[in-house]
Amino acid sequence: MTFATLGLIEPLLRALETLGYQTPTPVQAQAIPAVLAGRDLMAAAQTGTGKTAGFAVPLLQLLTMEGPKVAANSARALILCPTRELAEQVHASVAEYAQHLPLTTYAVYGGVSINPQMMKLRKGVDILVATPGRLIDLFRQNALKLNQLQTLVLDEADRMLDLGFSEELANIYRMLPKKRQTLLFSATFSDDIRVLAGQMLNDPLSIEVSPRNVAANTVKQWVVPVDKKRKPELFVHLMRKGRWKQVLVFAKTRNGVDALVDKLQGLGINADGIHGDKPQATRQRALDRFKSSEVQILVATDVAARGLDIEDLPLVVNFDLPIVAEDYIHRIGRTGRAGNTGEAISLVCADEVNMLSAIEMLTRQTLTRKMEPDFEPEHRVPDTDASGQVVKKPKKPKKPKTSGGGGKRNLGKWVDSGEVAPAEPSIKPVRKVPVFNTGPRKKK
Ligand code: AMP
């Protein structure tokens, strides 16, 4: 199959050729004809599957072929993304696909001044990429009208709900014209996503492609048990021992990111951090410098790193395990992309045993533990397995130390997650329900 056989117009084919896209990915092969036919879509596909082109390319074709010219302060298509970085990234891709088309594109998000965005919207834009909060601000300030909207895309819908945007989405829903095409992309299909889909979509076509954790077949994963207070020291030790060149590191909190970056910079290590408290321009600069290898270690929270596409990233380190187990799959999905192999190392302390267990249950694999000599924890990390059981062994009385090392070390073997069946999101029929679940906003 080629892009030409999917019925794409010449300016789009030319753009895809320039980008080196030769054959459509599975999500593109399914989504492009469906979107061109005007269908609503409910797609289980994550970052890395080519989903952006899957919705953006046919969308650009429809906007070129159909509909009136964009009016002042209007948008003809809206792509909603959970984070600023993702909005920037999606917009960059859309702009590349649209390079030979007479269409305008723009991205709006919070954390930067709203005035230039209001100015830009005066003439209207064909495709607007937005985060939910800023979109609502612009709408309320009459900088944006949505009555001309033909298509709405909800990108990473599960993440938008995880980040507590359900109320914003309900507000946006009320601002939309009834007649429109809606495309929903989500890595997982929880009950809340089905509620959202039931509200927003009209007779959607369901598409499911191999989730990212299948791509994790190419990611070697293991866990290093360690005491919490020794994590920074262990990180530096492993970094030096493994001669790590480019590492994306995940920490749980903003303070955690800052503390690790300070520690690394204090040791003369080329590190930077991104999290939600940093101004957008600073986050983007850190990311760009990491992508161009000017920065060796990028420490990030999950929110800041969501969906980032970094080519040939060899290693992801979980300095802290994620609170939400699905985030583990997103994190390790930053490496081992496009057929490359990658490694994902998690530094796990006794406090994190329940998170480890949840991850093993979700990914249906028991992660191999590799003790690092001289970093064996005083607070043992209880045994876990893919059944979700945490085995708490009774404490043994301490034996006097003998020369030659003493305790039995579990050196384990590499786990190739190809050995285990991945957890796959399954698409069940959409439930039609009248209101969103507007549970309490979770802060991350
Ligand atoms: P996405 O899942 O949309 O974030 O895309 C992941 C990566 O795959 C991006 O770097 C895209 O540029 C790239 N990509 C998307 N579609 C194709 C294709 N058909 N052929 C080659 N690369 C692609």
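I began with the right-handed β-α-β unit made by strand β3, helix α5 (residues 115–121) and strand β4. I noted that a crossover is right-handed if, with the strands pointing away from the viewer, the path from the first strand over the helix to the second runs clockwise. Helices (H or I, at least four residues) and strands (E, at least two) are DSSP runs, numbered from the N terminus.

I recorded that this is a predicted model, in which local features need pLDDT of at least 70, side-chain atom pairs count only at pLDDT 80 or more, and totals for chains, interfaces and linings use all residues. Residues are numbered from 1 along each chain as its sequence is written, and side-chain values use heavy atoms, with hydrogens and water left out.

I then looked up the pairing of β4; two strands pair if DSSP finds at least two bridges between them. Strand β3 (residues 105–108) runs parallel to β4 over four bridges, and T105 has I127 of β4 as its bridge partner. Strand β2 (residues 75–80) is also parallel to β4, joined by five bridges; here L80 is partnered by A130.

Next I checked burial, where buried means under 20% relative accessible area, exposed over 50%, and partly exposed in between (1.4 Å probe, protein chains only). Six of the six residues of β4 (residues 125–130) are buried, so this strand is largely enclosed by the rest of the structure. Helix α15 (residues 325–332) is also largely enclosed, because seven of its eight residues are buried. The buried residues of α15 include Y328, H330 and R331.
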